Every structure is written in C-alpha cells, then in structure tokens.
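The tour moves from one selection to the next and says what is found at each stop.

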Amino acid sequence: MKLRTSFILWFVVPVTCLLALSNVIYYYTTKQMLMNNHYNEVESFSSNIKVYFEHSLRSVDYAEKLLAQNLRLAAILAQSKLPPRLDQVSNKELSELSKELGVSDITLFQRRGDDIVALRSSNPTQRNISSKQFADFWFLAFNQLLDEKNVSVSEGYALPHYWSGPVDFSSSDPTALHKFGYYHDGQTDYMINPYYRQEDMEEYVSLASYMDMIERLQKEKPFLIEITGFNAERVGKGIYEVKQNNRLIIPYPKRQIFFGQYTMHSDDDVELIGQAYQDKKTISYQANVQGRDVIKSFVPIETGLPLVIGLVSDYSYIQSELDRQSERLLTISAVSFLMLGAFVLVLIRRSKLAAAVISAEKIYLENMNSLFTAIRGLNHDVGNIVNAIHAHVQKKEYDELEKVTQAWVKEVVEIQDVVVIRHPTLSAIVQFAVSGAIKQKVKLEHDIAVTDDLKLNGEKSLDLIRIATNLISNAFDETMKLPVEERLVQVAAWTAGRLLYFKVSNRGRQIGDEELPQLLSAGYSTKLKHEGLGLQVVKELVQKYKGQLWVEDFESAGATFMFKIHI
C-alpha cells in the first residue's frame, strides 16, 4: 500500500499534471499559430485585393475621362449643326442629332429667372427639369458655364467652356448611371448637354463592375464570407437622399455601400472603417456575428473615392483545424494514460517500482515526442507557404518568390500581367480581355510589345478601346462554342514606324473562303438574331484613322482579325 501510494504521489501525479499542462500549452500555442497564419493569409490576400482595385480604379478613371472628352467633341459638333437661338431648335432635331453623333441623348439648358431649366431634349423625361435642385456643385458649374467662366468646382472634369460631372444617377432615371457633359462658349443662348446612359457605356461599365471578381474570389477562397466596398465618409450616417424634380435619388458618391453586400454587421465596424481609411492601413479583428465566429478586415484603397474594402472570413476554418489538433492531442494523452496505467499495474503487482518508473518515463517521453512531431508537422504544413514568402520578401529574392506564389495565388499573376502594361489604353483593353477570359473559362494569351512613348489623343484612345474590345468580345463568343479545354483567344499589339498593329485570334469553326470577304460587310452575321453591324462599325473606325482591317484563317480552325492604324 505504501509502495503504491508513494508511486502515485511521486510519479503518476506529476506526470499527469505535466501532460495536462503540456496539452493546454500546445492547444493555445496551436491556436495562436493558426490565428497568425490566417491573419497573414488575409493580409496577403488584402494586399492583392488592394493592388487589383487601385489598378482597376485608375483604369476606370481614365475611361471616364475619355468619355468626358468624347462628350465635349459631341457638344462642339452639335453646336456647329444647331441654330444659335433656343426657340429655333426642335426636340426632333435633337433626337436625330444625338443618333448622328453617337450619344444617348442631347438636352439644351437655358436660364429662367434664378433657375437653369432643360427646355429642349431628345429624351422626353429630361424636358422641363430644374437644375436648381441638383447638388450644389452641379448648379454652381452650370452658372459658371453660362457666365462664360471656367468651371472651378473640384468635382468632375473641366476644360475650356466645358464641364463633365462625375458618373452618377439622374433624377430623370435614378435606376441607371449616366455620364453628362455640358458646353457653352457664348455663341448660343443655351447650354448644350450631350450624355451617355449606362447601356451606352459598355466599356466603362465593364471596367467598373466588380461583381464578377467578387464572385470569383469567394469561389476560390472558401473562407471568404463577404466582400463589401464601403464609403468611409458615409457608412453609418444613414441614407442620404435628395429630392430632384419630385424624385428621391441617392447620389453615387453619397452611397454608404459602393458595391457588394453588407449583412455581417458589427457594432465596431463604422469606427474601424473610419480608422482604416484615416490611417491608410489594414485593420483586422475577431468578432461573433449572427452566431458565427468571423475575422473582419478593412482594407483602405487609395483612389478618388473614400473606398474601404471589407473582408469577412470564416473563423470555423481555424476552429475545425484546431479541433482536429485537439483530438490528436487528446488521443495521444489517452493512449499515454492507458499505457502509463498498464505499466503501473504491472509494476505494482510485481513490486518492481524502480523498473516501473523507468518504463513509465520512457513511454511518456515517446508519446511526448510523438506529440511534438505532430505539432511540428502541423506548423510546417500550415505555415510553410507564409514563412517562405516572408523570407523571400525580406531577402528580396523576387525570382524565388514568384516560383513559390505562382500556383497559390494565380489571380495575382493575372493582375500583374496587366499592371506591367504601362500604357493606360492598352492596359484597359488587356484587363477587359483578362476579365472576360476568367469569367468565360477561356485560355487567354496576350503579347503587348508597345513602347512606353506611344502617344494617343483622347478620341483615338476611346476608338481604339471600342475596336479592340469589339473584336475580343466576338472572339470570346466564337470560341465559347468549343469545349473548355479547347478554348483559346490570343491578343497581340506592336508598333512599326508610325503604325500600330493589333491582332485578335480565336479557335473555332473553320471559315470558308467564300465567307471571308463577307465578314466585314454591313448586315452580314454568323450569329442568330444579330444585325451584323459590329464589324462594320469596327471597319469604319479603323478607316477613320486611315487604317486597314482584314481577316485571316487561324490554324484552319478559327479566325484572326487584324488591323493597323496610324499613330
């Protein structure tokens, strides 16, 4: 009895306490390691998100500026075709002129007392609209234009005798985005307002749409629950509505949410969003929302908008891994206790306390080594990629870093492929192609061999985007008829002297010799329910710059469209 009591007091109890303490220590150590790894992954992912959005928003800003310049040209052309007095202009004349100039509609504004009213328009919903109820800077810009002054408001885009407001919703149609331009140089008694509706800004809307990217990221990163684009200056301050011409609208810059959904609310969100925006650094924290343990991160994006990206990741991925490790620890502990107990019974029965103690210590150490091995293996598996990236970044071993991250973050490579194209117009075109390729599961190859000194004016840049995206869209439509593994679209651009060459190729059905000459004819189309005007418009735009558009076979299974224009 004394031997058994002494053995329990001097060996079993300390070993049990030590093993229990070890389990507790390893549990919290593993939890902290998993949390750190997850935070590192979210931080890395946030950095990739930040690169993508900052680059994308620069492209969007550039595209919006091209739209503004195009509207100014349309306004100048409209003035040359219209009489100088408003009472000599008809709405029908404006309707015909808007179609001729390629804009959605044209509206004419004139002062009426202390107001500026839309008195003529090709769009009936625009007529008799009062601009006095518009946001302050819009009405101020109108007055400055009609006073023949340069517009000095900071919002929008100003040129001599011209101002274009930011893309926003309209009181005549609060469900769609519009891009308005306003021109007045004193030669008419009215202000000319050509504009685009959302359906006529396909290039811009395609660049500014983030929903496809959000859906793709949430599919590729299953721990992501929600991605939200917050307005850091408006979130938490209630709905901002203004009444314009008897309609309530929410101006786009005043929206609390720019894009995405916001269902995972927390009390601290508003404060932390503001702090992330003010400090210009990512903030992450753990929270319980709707009964779910999550990790929230707020990533500030440097752009013209007060944009902060909210990422909500599921903590259950960490908890499930932690539970799995806990089960392993408990199993090891249970086995250790059983083995220890068996040895104690044998040793007590044989009255060989010393041998029993040695055997028990040996078994304990073996099991503890097994526990150490398990934990080290987990640490290696979970942290290997993050540690490798961290080490390569510190040593500036960028070639090795690229090899490590290539398979892990494929979307970053795709974004970087676009980023290295320094020319904004060509970068926007390739980004359009990359976005379409990802969405439609098409293999895309692009080779943009254009020097940095390529100079394109605003109108030519916009026309180049129209031409290239039209051909790329057609190529995607044709190659989508093939199985996924056979889909291929190739895009290339290069310069030779004063000529810019552009080539778009796609796999698809073989085009017969008799069909090739007809492809560029007006009214001809290979698509059902299609008028066939797309390629004819492309051809006219190319000819506008004394260029040439032609079609070739592509490996006897598809087509290659090429054009060259003078630069």
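**A hairpin and its neighbours**

Begin by selecting A493, whose bridge partner in strand 17 is F502; strands here are DSSP runs of E with at least two residues, helices are runs of H or I with at least four residues, and both are numbered from the N terminus. Before going further, note that this is a predicted model, in which local features need a pLDDT of at least 70 and side-chain atom pairs count only at pLDDT 80 or more, while totals for chains, interfaces and linings use all residues. Residues are numbered from 1 along each chain as its sequence is written, and side-chain values use heavy atoms, with hydrogens and water left out.

Now widen the selection to strand 17 (residues 499–507), which runs antiparallel to strand 16 and is joined to it by 8 bridges; two strands count as paired if DSSP finds at least two bridges between them. In the hairpin of these strands, 2 residues lie between strand 16 and strand 17, and G497 takes a positive phi near 65 degrees. Strands of a sheet pair through backbone hydrogen bonds, either parallel or antiparallel.

**The largest nonpolar core**

Which residues touch the most other members of the largest nonpolar core? Of its 43 residues, they are L426, I429, L464, L471, I472, F502 and F563. A nonpolar core is a set of buried Ala, Val, Leu, Ile, Met, Phe, Trp, Tyr and Cys residues joined through side-chain atoms within 4.5 Å, where buried means under 20% relative accessible area, with a 1.4 Å probe and protein chains only. Among the elements that give two or more residues to this core are helix 11 (424–440), helix 12 (458–479), strand 16 and strand 17, and helix 12 gives the most, with 9 residues.

Next, centre the view on L464, which touches T425, L426, I429, L456, L500, F563 and I565, not counting residues up to four places away in sequence; a contact means heavy atoms within 4.5 Å. Apart from this core lies another, of 24 residues, among them L71, V103, Y196 and M201.

**An open sheet with a helix on it**

Move on to the 5 strands that form an open sheet in the order 11-8-14-13-12, with antiparallel pairing. Strand 11 (257–260) and strand 12 (283–289) stand at the edges with a single partner strand each, so one side of each is left without a neighbour in the sheet. Select strand 8 (residues 224–231), which is joined to strand 11 by 3 bridges, and in it G229, whose bridge partner in strand 11 is F259. Helix 6 (residues 269–279) packs on the sheet, touching strand 8, strand 12, strand 13 (292–301) and strand 14 (307–314).

Finally, colour the chain by pLDDT, the predictor's confidence in each residue, from 0 to 100. The chain averages 75, and 65% of the residues score at least 70. Confidence is highest in strand 1 (residues 105–112), at a mean of 94, and lowest in helix 10 (residues 410–419), at 45. Over residues 352–382 the pLDDT is below 50, and over residues 528–533 the pLDDT also stays under 50.

Terms used
Buried < 20%, exposed > 50% of the residue type's maximum accessible area, 1.4 Å probe, protein only. Axes fitted to C-alpha atoms, helices over the stretch in contact; angles between N-to-C directions.
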